[in-house]
Structures are given as structure tokens and as C-alpha cells.
Amino acid sequence: MQTKHELIPEPIGLDVDALARPLNWSDLFGNDHPVELEIGMGKGTFLTEQAKARPETDFFGIEWARWFWRYASDRLRRNGCTNARTVRAEANYFLTEFVPADSISVLHIYFPDPWPKARHHKRRLIQEKFVPVMHRVLAPGGRVQIVTDHKGYWEENVEPVIRAASGFEVVDYNRPGSAGAGEFVGTNFERKYAREGRPFYAIAAVKR
Ligand SMILES: C[S@@+](CC[C@H](N)C(=O)[O-])C[C@H]1O[C@@H](n2cnc3c(N)ncnc32)[C@H](O)[C@@H]1O
């Protein structure tokens, strides 16, 4: 029988119950490199490519779904990404409870769940009440990058919320080096949706 401990894909995947509050990134990674954080990394394509390509940066992934968290964590481990860590947690809660203020250089949010039904819109991650959560964890000059394929989410939440966000300035979106030709970021969902011919919407903003 597997114990809870054996279910944690260490050393990349961390047990949220065993973490310090607030986290100390230097203790966690053993260095003082800048930390980039991805919310909802799914199968971990973006995080793995970035962690491999940029060993001078530390990467942290938050994923709520246990299967995806285990898959992404194991993928990072198999690729020798010692500069990556992950946790299975709800992002709003984790950022608020565990992530130190002014400590993240880039917050990546790619293809967040759109919750298309009107009665579920309140579950969307990007909404006004999430702005201060992002603002607190980002370092001054730190950046948030968001990509979605969902027109409704973009028009109702992502674009108006980010454009109106106090303490942020909208800037050009940066395509990560790991994105393929014509891609915004190169995640599993982007590749799946691109095959279906869906348009994508991207925005970036920096903390003033
Ligand atoms: C549509 S998938 C996109 C996955 C990946 N970013 C990609 O583009 O391939 C959204 C992912 O975010 C995760 N997720 C959604 N809301 C979350 C939250 N509040 N906290 C942590 N993870 C979340 C889901 O479990 C899912 O794996």
C-alpha cells in the first residue's frame, strides 16, 4: 500500500503541509536566483522547457489537479530540472498563505480554466479580487503574463481586469524562447487549441 509520503513525487513535488509559511526561496532552492511562478502548469511543458533552458532562474509550479501535478513533477524530475519545484494547491490560497511579498519576478498564467457557464464565472482566477494577490507577490518591476483561448473570459475578465488593475502597467507580451513558431507560449493546451484553429489572446503587465 502506498503511503501519503510515497505519493509525493519528490524531490520536485513538495508536500504543501510540510512547507514553511512564508516560504523562503533561498532555502528552498539553495540559491538567490530570481523565481518565476506558473499557475496551473498542467502537464508542465512550459515549466520543463524553461527550467531546462534557463538554469540561472528558479521555477515554481502550482497545480490543483493531482494527476497533472504528479505528471508535471515527474517530467521535471526526469529532465533533471533541479531548479524547479511544484506543489499541489489552489493558487489563490497558496500565493496568499505561502509566497513572500515582493519575491516573484514573473507570474505565468497560461490557459486558465475559463468556467464558461455564467453561474460559474465567480470561480474564474482572473478577477478584481485576484489583482492585490498578484501585486503582493510580484517584485517591483515584476511581470504577469496571461494567455487564453476563451473570448468570453478575455472580454469579461482578463483584459478589463488587467487594464484597470491599480499598481500595474500593461506592456508588450513576451514570447518565451521555448515557444515554437507562431506560438504564444507552447503549452499542451495551446497546441491542442491551435489544431482546432482557435484564436488566442495574450496580455502582460508589470508591477509599478
Ligand atoms: C486549461 S488547463 C491549462 C494547463 C496548461 N497551462 C496548458 O496550457 O497546457 C488549466 C490548469 O490549471 C489548473 N488550475 C485551474 N485553476 C487552478 C487554481 N485555482 N489553482 C491551481 N491550479 C489551477 C487546472 O487543474 C488545469 O490543470
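Helices (H or I, at least four residues) and strands (E, at least two) are DSSP runs, numbered here from the N terminus. The structure is a predicted model, in which local features need pLDDT of at least 70, side-chain atom pairs count only at pLDDT 80 or more, and totals for chains, interfaces and linings use all residues. Residues are numbered from 1 along each chain as its sequence is written.

Two strands are taken to pair if DSSP finds at least two bridges between them. Strands of a sheet pair through backbone hydrogen bonds, either parallel or antiparallel. Strand β1 (residues 13–14) pairs with β4 in the parallel sense over two bridges, and the bridge partner of G13 in β4 is T86. Five bridges join β3 to β4, which also run parallel, and here F60 has R85 of β4 as its bridge partner. Further along the sheet order, β5 and strand β6 (residues 138–148) pair in the parallel sense over six bridges, with L138 of β6 as the bridge partner of I104.

Together, β3, α4 and β4 make a right-handed β-α-β unit, a crossover being right-handed if, with the strands pointing away from the viewer, the path from the first strand over the helix to the second runs clockwise. Burial is assigned by counting C-beta atoms placed from the backbone: a residue is buried if 20 or more others lie within 10 Å of its own, exposed if 12 or fewer, and partly exposed in between. By this criterion strand β4 (residues 84–88) is mostly covered, since five of its five residues are buried. In a regular strand the side chains alternate between the two faces of the sheet. In β4, A84, T86 and R88 point one way, whereas R85 and V87 point the other way, and all are buried. By contrast, R66, found in helix α4 (residues 66–78), is exposed because 10 other C-beta atoms lie within 10 Å. R66 and V87 are 21 residues apart in sequence, and their C-alpha atoms are 9.6 Å apart in space.

A nonpolar core is defined as a set of buried Ala, Val, Leu, Ile, Met, Phe, Trp, Tyr and Cys residues joined through C-beta atoms within 7 Å. The largest such core has 47 residues, and those with the most contacts inside it are L47, I104 and L107. Strand β5 (residues 104–110) gives the most to this core, with five residues. When residues up to four places away in sequence are not counted, L47 touches E38, M41, F59, G61, A72, L76 and A84, contact requiring that the C-beta atoms, placed from the backbone, lie within 7 Å.

Several backbone features occur in loops. A cis peptide bond, with omega of about -5°, joins R21 and P22, and P22 is found in the loop between β1 and α2 (25–29). D102, in the loop between α5 and β5, has a positive phi of about 60° although it is not a glycine; D102 is exposed, because 12 other C-beta atoms lie within 10 Å. F111 likewise is not a glycine and has a positive phi of about 60°, and F111 lies in the loop between β5 and α6 (131–137). With 22 C-beta neighbours inside 10 Å, however, F111 counts as buried. The loop between β5 and α6 also holds H121, which is partly exposed, with 15 other C-beta atoms within 10 Å. H121 and E156 are 35 residues apart in sequence and 9.5 Å apart in space, C-alpha to C-alpha.

Notes:
Contact = placed C-beta atoms within 7 Å.
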